[in-house]
Amino acid sequence: MYEFAVTPVITQLRRPGVTITEVTPDSLGEELELQPNDRIVKVNGRSVRDYLDFRFQTAGETELTFNVRKPSGETVEIEFDRDEGEDFGLMFEQIVPRQCANECLFCFCKGNPADARPSLFVRDEDIRLSFLYGNYTTLSSITDDEMNRIIEQRLSPQYVSVHATDLKTRAYLLGVDESRANIFDKFQRLLDNDIEIHAQVVLCPGINDGKQLEKTLRDLASHYPKVVSTAVVPVALTRYNTDERLTRVTPEFCVRTIREVEKLQKEFRQTLGTTFAFLGDEIYLKGGVEIPSRRHYGNYPQIEDGVGMVRSFLNAFEKLLNACRKASDRGVAVQIARQFLRNSRTRPEARVPARVEVAETLPIDRPRAKKLNGTILTGEMFGPILGEQIAEYNRLTGSKLRVLSVPNTYFGGDVSVAGLLTGKDYLAVADQIKGEFAVIPKHTIKSDEPILLDGMTFDELKSKFPVPIYDLDTNGLIEFLACQ
Ligand code: SF4
């Protein structure tokens, strides 16, 4: 039996099998007459607990037997062969996360307004979601069964919130006793079994910064390359976090941390060949320090944790601006060409230079850049950076785009990232929208349901906005702005 330390959703977790939600037309699944709401409970005689089990137990298998429980309660056995690597064409229910047994000082759940939607209070700590989506676990409440599963099913990499390698400090931050906070054996066991780990430190001024942080980073770096990277992100306190043991992150604190960690990063680059310890973007933005170069981030190992996102965006946007500059140059060339062509008609002796001959081949009536007129909404942290880029874009294309930095009134406190903006925050600035459309960050809308963090539906927000709204992620925004 697979055990969980804390299982408030245990009835769902222990329901045997995994439910099919979609069967692709003309797929193997359809050929097998599988249907949505069927539950696959066994594969080749082995129990299936979730999608990951299904994936693990079918991997590389060409002769298969499924035990399928139909919605009627009947169980059928299906024996079949498939070609190597042939897709089943099946979609499955989402994994219901198991919850942690910690009481972290800075837990985001403590920073929610009391009336926030229930899903914001889910304290997930799930090795499956860590493997699939990069969610962090503390390993503190992971059972032996889960540890065995990571190793048996090669659920690598795992993302682990370490916070501090000093046991007392870690226990203090996690709000648990030292025996629970001590993950040394589990950590080592994962490394011994070649499970890669990406670590995280949530940096709390006065608790795990300074010398504590240096010790933590050095300890973790000693396990490189199995510990692949460490992200250091600042604690973000909403106005509801009133725990006096926590201190807010200030610009001075950020600058000091950058200077301290820079020395270690330099050392790690020399000894390990990688920066290894990456500071979250917020630390640079809040400290007013320039974001490091592309080289600093390597292959952006912790970008999902807000580490390197700004650099990645700036580099992608620079490519967009270069394309616009080329388009703009073509526009200038066309204007020169038109002028020379006009001159050559009025003065037959005028010589048309080679550059103009090139320009003449361009489809000169086609628009070279979109002239857009709208408002892009983002968080206060990213607003100034985006604003600079958009100003250059406007200059090159003749667009009239504005960037509106939206204060986060819902969570308040230090929260200024775009991802935590809510419907109410957008509505509070609706009267400042100019132009024909508005763009909001896509990730402020739930990925599987059109709803915002404060429970407002996207449709409701649209109905209350003066112009159409596009929800775009940074890649989507760049595509939207792309010059022709
Ligand atoms: S492990 Fe995560 S969810 Fe659990 S208490 Fe700590 S911060 Fe909250």
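Me: Which residues does valine 23 touch, not counting residues up to four places away in sequence?

Reply: This is a predicted model. In it, valine 23 touches Gly29, Glu30, Leu34, Gln35, Pro36, Gly89 and Leu90, with residues up to four places away in sequence left out. Valine 23 belongs to strand β1, residues 18–23.

Me: Why does valine 23 count as buried?

Reply: Count C-beta neighbours. Burial here takes 20 or more within 10 Å. Valine 23 has 20 inside 10 Å, so valine 23 counts as buried. Across the protein chain of 484 residues, 34% count as buried.

Me: What tends to happen to nonpolar side chains in soluble globular proteins?

Reply: They tend to be buried together. Now the case here. The largest nonpolar core has 77 residues, and Val232 and Val235 touch the most other members. Strand β8 (residues 197–203) gives the most to this core: five residues. Domain 2 (108–305) and domain 4 (369–484) each supply at least three residues to this core.

Me: Which residues does valine 235 touch, not counting residues up to four places away in sequence?

Reply: Valine 235 touches Phe106, Val202, Leu203, Cys204, Leu246 and Val249 on that count. A second, separate core has 13 residues, including Leu32, Leu34, Phe66 and Val68. Leu34 is also among the residues that valine 23 touches.

Me: Where do the buried residues of helix α18 fall, seen down its axis?

Reply: Start with the list. Thr474, Leu477 and Leu481 are buried in α18, residues 474–481. Down the axis, the buried residues of α18 fall within an arc of 55°, so they line one face of the helix. The face turned away from that buried side carries Asn475 and Glu479, both exposed.

Me: Which residues surround the ligand?

Reply: List the shell, then sort by class. The shell is Cys100, Asn102, Glu103, Cys104, Cys107, Cys109, Arg123, Glu125 and Thr138. By class, four are nonpolar, two polar and three charged.

Me: How many helices and strands does the protein chain have?

Reply: The protein chain has 18 helices and 14 strands. Take contacts between residues at least 6 apart in sequence: 68% join residues at least 24 apart.

How values were computed. Residues numbered from 1 in each chain as written. Predicted model: local features only at pLDDT ≥ 70, side-chain atom pairs only at ≥ 80, totals over all residues. Near = placed C-beta within 6 Å. Nonpolar A, V, L, I, M, F, W, Y, C, P; charged D, E, K, R; others polar. Helix = DSSP H or I, 4+ residues; strand = E, 2+ residues; numbered from the N terminus. Buried ≥ 20, exposed ≤ 12 C-beta atoms within 10 Å, placed from the backbone. Contact = placed C-beta atoms within 7 Å. Core = buried A, V, L, I, M, F, W, Y, C linked by C-beta atoms within 7 Å. Domains from an automatic or database assignment. Arc of directions from axis to C-beta.
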